[in-house]
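Please have the sequence and model open.

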Amino acid sequence: MASLYKKPIKVTDPKTGKKVAARSKKWWGRFTDEHGEEKRVPLATDKKAAQTMLNELVCKVERLMAGLDDPFEEHHKRSLSKHLGDYTKYLANKGSSDVHVKKTASRVRAVLKGCKFDKINQISASRVQEFLAGLRRKGRSIATSNHYLRAIKMFTRWLVRDRRTRDDRLAHLSKMNEETDRRRVRRPLSIEELSVVIQAAVAGRVFECIAGPVRAVLYIVGAYSGYGRGEFGSVRFRSFVFDSDPRTLTVLAGHS
């Protein structure tokens, strides 16, 4: 049975300087939770307010026992910045590269700030669309807009999978066609063009602490493997296997 009480405490007598028995200024509540365990919690200094708070706690326990309480209530009270912190740790723990983790978190943070989302129940597809349209009005490409959309959708999907909310409010949003606003058209170099690049690298100066001949080797390996700068940055000696046939260079999936 729930009840109010004032907690026994020790205070210093200002006249004698000795510790004497007293009662707390706040009222405390004693009740039994949904697991049958006794709980004691601080409430308020006003008795009526404390009684109201205790009644709410008892009602919550009864709803939990009846299976009527919202299992996502606590998560919905937390700020999205804290959820994003947990999501960032999740990405790092599953082996994503540092670059991917930082870039994804940065894009999600930009969307949350731009849309002024603070809690999960504030997430709105229309406001995200408006934010992305604002990016494009400022001259950002459709590809960039899609990168931001992909990042925020990954975050909201994770909120559902990690049982922090019931539904994904951005599930129906889809990417735009990047071909209608292609800013950079990529194509493979011809043999002649690749030869020019390699010769220029060999004769070139040290750039970003990498000597010209070393850059030439990277260009050759990159041309034949498809590896980019991020993949090369993750390569270590253990990435090579020289005693196999054929010899191999392997990049971990988290960096590819």
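The largest pocket holds about 730 Å³ of space. The model is predicted: local features need pLDDT of at least 70, side-chain atom pairs count only at pLDDT 80 or more, and totals for chains, interfaces and linings use all residues. Residues are numbered from 1 along each chain as its sequence is written, and side-chain values use heavy atoms, with hydrogens and water left out.

**Pockets and cavity**

The largest pocket is lined by 26 residues. Closest to its centre are Ser97, Val99, His100, Lys103 and Arg107. Helices (H or I, at least four residues) and strands (E, at least two) are DSSP runs, numbered from the N terminus.

A few terms apply here. Rolling a probe the size of a water molecule over the atoms shows where empty space is left. The search uses a 1 Å grid over the protein atoms alone. A cavity is a set of points where a 1.4 Å probe fits but cannot get out. A pocket is an open set with protein on both sides within 12 Å along at least five of seven lines. Lining residues have an atom within 4 Å of a point. Grid points are joined across faces, edges and corners, and a volume is the space filled by probe spheres set on the points.

The second largest pocket has a volume of about 350 Å³. Its lining consists of Phe207, Glu208, Ile210, Arg215, Leu218, Tyr219, Gly222, Tyr227, Gly228, Arg229, Phe232 and Gly233. Helix H8 (212-225) and H9 each give two or more of these residues. H8 supplies the largest share, four residues.

How many cavities of 30 Å³ or more does the structure hold? It holds one. About 50 Å³ of space lies in the largest cavity. Ile120, Ile123, Thr156, Leu159, Thr165, Asp167, Asp168 and Arg169 line the largest cavity.

The table sorts the linings by class. Ala, Val, Leu, Ile, Met, Phe, Trp, Tyr, Cys and Pro count as nonpolar; Asp, Glu, Lys and Arg count as charged; the others, Gly among them, count as polar.

| Space | Volume | Lining residues by class |
|---|---|---|
| Largest pocket | about 730 Å³ | five nonpolar, 14 polar, seven charged |
| Second largest pocket | about 350 Å³ | six nonpolar, three polar, three charged |
| Largest cavity | about 50 Å³ | three nonpolar, two polar, three charged |

H8 has 14 residues. Its first and last C-alpha atoms are 20 Å apart, close to the 20 Å expected at 1.5 Å a residue. The expected span is 1.5 Å times one less than the number of residues. Gly212, Arg215, Ala216 and Gly222 are the buried residues of H8. Down the helix axis they fall within an arc of 130°, so they line one face of H8. Buried means under 20% relative accessible area, exposed over 50%, and partly exposed in between (1.4 Å probe, protein chains only). The arc is that of the directions from the helix axis to the C-beta atoms. Helix H7 (191-203) and H9 are among what covers the buried residues of H8. Gly226 follows H8 and has a positive phi, near 85°.

H7 has 13 residues, which should span 18 Å at 1.5 Å a residue; its end C-alpha atoms are 19 Å apart, which agrees. Which residues of H7 are buried? They are Leu194, Ile198 and Ala201. These cover an arc of only 60° around the axis, which puts them on the same side of H7. Glu192, Val196, Gln199 and Ala203 are exposed on the other side. The buried residues of H7 pack against H8.

Contact means heavy atoms within 4.5 Å. The contacts below do not count residues up to four places away in sequence.

Leu194 sits in H7. It counts as buried at 15% relative accessibility. Leu194 touches Leu189 and Ala223. Its C-alpha lies 43 Å from that of Ala171, 23 residues apart along the chain.

His83 belongs to helix H3 (residues 80-93). His83 is buried, with a relative accessible area of 0%. Its contacts are His75, Arg78, Ile120, Phe155, Trp158, Leu159 and Arg164.

Gly29 lies in strand E2 (residues 19-32). Its relative accessible area is 0%, and Gly29 is buried. Gly29 touches Ser3, Leu4, Tyr5, Lys39, Arg40, Val41, Leu43 and Leu54. The C-alpha atoms of Gly29 and Lys39 are separated by 7.9 Å, with the two residues ten apart along the chain.
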